[in-house]
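Subject: Structure for your review

Hello,

Please find below the structure I said I would pass on. My notes on it follow.

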Amino acid sequence: NRSVPELIAKIEGEIPTRNLSTQGMELKRHFDSCFYCENPLSSQARKIHVEHVIPFAFIAENEIWNLTLACQQCNLKKSGSLPTKKFLDKLIERNKNYRGRISMLEKSLTRLGSRFETIILDRYNDAKSHGFMPRSMP
C-alpha cells in the first residue's frame, strides 16, 4: 500500500523512536529561524523544536527531508496536523536548494529517488486522505 509509508513496519511494531538529535544539530548548522513564522530561534535549546512537516504519526520516519526547525509556539500549534500547502512547497524548495550543502539531506533525498518532489507531495496528499488536516500557521 503506497499511500501509507512504512506500512509493514507500523503493522509489525517497528516504528523508530523520535530521537532527532543528530538531524536537529545538522539543521541548526544551516538554519536560525522558525520554518513557519520565520522569527529567529532562541539560543535556548529547549525552545527550538525539530519538527516533522508531514506528521510522524502518519509517516513514522525521521528522514531529514521531512524535518524542520520550529519555535516552540509554532510546533505546539501545529502539533500532529499538516501545515498548509504553502509550507509543503517551502519544504520542497528548501530540499532542492540545500541538498548539495547538507550531506544528510542529500542521502535522505537520494533514498526517495529522482522523483522526490512528487513523492513528498504524494505523502502529503496521502496524509490528508487519511484524516490529517492542514492547520493554518503564521
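What pattern does the protein follow, read along the sequence? It runs α-α-β-α-β-α-β-α-α-α-β, with seven helices and four strands in total. Please keep in mind that this is a predicted model.

Confidence

The mean pLDDT of the protein is 88, and 83% of its residues reach 70 or more. Among the elements, helix H5 has the highest mean pLDDT, at 98. The lowest belongs to helix H1 (residues 7–11), with a mean of 55.

Overall packing

Of the 138 residues in the protein, 43% are buried. Counting contacts with a separation of 6 or more, 72% are between residues 24 or more positions apart.

The largest nonpolar core holds 35 residues. Tyr 36, Ile 54, Trp 65 and Ile 120 have the most contacts inside this core. Two or more residues each come from helix H3 (56–59), strand S2 (67–71), helix H5 (85–98), helix H6 (103–112) and helix H7 (116–129).

Leaving aside neighbours within four places in sequence, Ile 54 is in contact with Ile 59, Trp 65, Asn 66, Leu 82, Ile 120, Arg 123, Tyr 124 and Ala 127.

Helix H5

H5 has 14 residues. From its first C-alpha to its last it reaches 20 Å, close to the 20 Å expected at 1.5 Å a residue. Its buried residues are Phe 87, Leu 88, Leu 91, Ile 92, Arg 94, Asn 95 and Tyr 98. They lie on the same side of H5, because they cover an arc of only 160° around the axis. What covers them includes helix H2, strand S2, strand S3 (82–83), H6 and H7.

Strand S2 and Thr 68

Thr 68 is in strand S2. Is this residue buried or exposed? Thr 68 counts as buried because its relative accessibility is 1%, where the cut-off for buried is under 20%. Not counting residues up to four places away in sequence, Thr 68 touches Leu 27, Phe 35, Tyr 36, His 49, Val 50, Glu 51, Val 53, Leu 91 and Arg 94. Leu 91 and Arg 94 are among the buried residues of H5.

Cysteines

How many disulfides does the structure hold? The number is zero. Cys 34 is in no disulfide, and the nearest cysteine sulfur, that of Cys 37, is 3.7 Å away. Cys 71 is in no disulfide either, with the sulfur of Cys 74 nearest at 3.6 Å. Cys 34 is buried, at 1% relative accessibility. Cys 71 is also buried, with a relative accessible area of 15%.

Cys 37 sits in the loop between helix H2 (21–30) and strand S1 (48–52). Setting aside residues up to four places away in sequence, Cys 37 touches Cys 71, Cys 74 and Pro 138. Cys 37 and Gln 73 are 36 residues apart in sequence, and their C-alpha atoms are 9.5 Å apart in space.

Regards

Conventions
Residues are numbered from 1 along each chain as its sequence is written. This is a predicted model: local features need pLDDT of at least 70, side-chain atom pairs count only at pLDDT 80 or more; totals for chains, interfaces and linings use all residues. Side-chain values use heavy atoms; hydrogens and water are left out. A nonpolar core is a set of buried Ala, Val, Leu, Ile, Met, Phe, Trp, Tyr and Cys residues joined through side-chain atoms within 4.5 Å. Buried means under 20% relative accessible area, exposed over 50%, partly exposed in between (1.4 Å probe, protein chains only). Contact means heavy atoms within 4.5 Å. pLDDT is the predictor's confidence in each residue, from 0 to 100. The expected span of a helix is 1.5 Å times one less than its number of residues. The arc is that of the directions from the helix axis to the C-beta atoms. A disulfide is a pair of cysteine sulfur atoms within 2.5 Å.
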